[in-house]
Amino acid sequence: MLELLTNKMRVVLDTNCLLVSVQEYSGFYWLWQAFRNKKFVLCYSDEILDEYQEIIERYYSHALGKYVIDAILNAPHAEPIKVYYRWQLIAADPDDNKFVDCAVSANVNYLVTNDKHFKALEYIDFPKVNILTIDEFKGKI
């Protein structure tokens with residue numbers, strides 16, 4: 001299975017992108033479909049999964065939160081990442097650092113977010129994290 005994942009684009013999704021993509025009526029539903037169709041490897045940490053579930057349940061329902069988390073946990077193209085170092089690169093919203101730390105640990109191709117706080121990473125040379133908005137990411141898959 002690992003061999004099949006090595007050529008796939010590796011991605012961390014910020015919660016704001018996952019949240020807008022899980023509803024069928026959303027204009028961003030293509031992102032959830034791309035994940036389900038194995039177009040990329042979704043890298044996540046336990047902290048990220050907890051936030052995904054909390055926010056999806058807050059805005060939609062417990063059932064949808066459980067469905068999304070189960071789909072991620074059971075997907076062969078989703079990779080749990082252990083984060084051993086906290087870079088603390090986003091001072092404006094320290095809670096966003098869990099996504100950066102996971103992206104660095106997983107050596108992802110892209111961190112996909114629409115959050116303006118991640119713009120701070122454009123001025124940091126090391127570790128380099130490639131940030132894309134959800135619209136920019138659509139052109140990559």
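**Exercise 1. Describe how the side chains of strand S2 are arranged.**

Solution. Val41 and Cys43 point one way from S2, while Leu42 and Tyr44 point the other way. All of these residues are buried, where buried means under 20% relative accessible area, with exposed over 50% and partly exposed in between (1.4 Å probe, protein chains only). In general, side chains in a regular strand alternate between the two faces of the sheet.

The model is predicted: local features need pLDDT of at least 70, side-chain atom pairs count only at pLDDT 80 or more, and totals for chains, interfaces and linings use all residues. Residues are numbered from 1 along each chain as its sequence is written, and side-chain values use heavy atoms, with hydrogens and water left out.

**Exercise 2. Describe the packing of helix H3 (residues 29-36) against helix H5 (residues 62-74).**

Solution. 

1. The helices pack at an angle of about 35°, with their axes 11 Å apart. Axes are lines fitted to C-alpha atoms, for helices over the stretch in contact, and angles run from 0 to 180 degrees between N-to-C directions.
2. H3 contributes Trp32, Phe35 and Arg36 to the contact, and H5 contributes Tyr67, Val68, Ala71 and Ile72. Contact means heavy atoms within 4.5 Å.
3. These residues divide into six nonpolar, no polar and one charged. Ala, Val, Leu, Ile, Met, Phe, Trp, Tyr, Cys and Pro count as nonpolar, Asp, Glu, Lys and Arg as charged, and the others, Gly among them, as polar.

**Exercise 3. Classify the ring pair of Phe40 and Phe137.**

Solution. 

1. Rings of Phe, Tyr and Trp (its six-membered ring) pair if their centres lie within 6.5 Å; planes under 30 degrees apart count as stacked, over 60 as edge-to-face and the rest as tilted.
2. The centres of Phe40 and Phe137 are 5.4 Å apart and the planes stand at 80°, so the pair is edge-to-face.
3. Phe40 lies in the loop between H3 and S2, and Phe137 in helix H7 (residues 134-138), 97 residues apart. Both are buried.
4. Ring pairs link Phe40 and Phe137 with Trp32, Phe35 and Tyr67 into a cluster.

Terms used
Helices (H or I, at least four residues) and strands (E, at least two) are DSSP runs, numbered from the N terminus.
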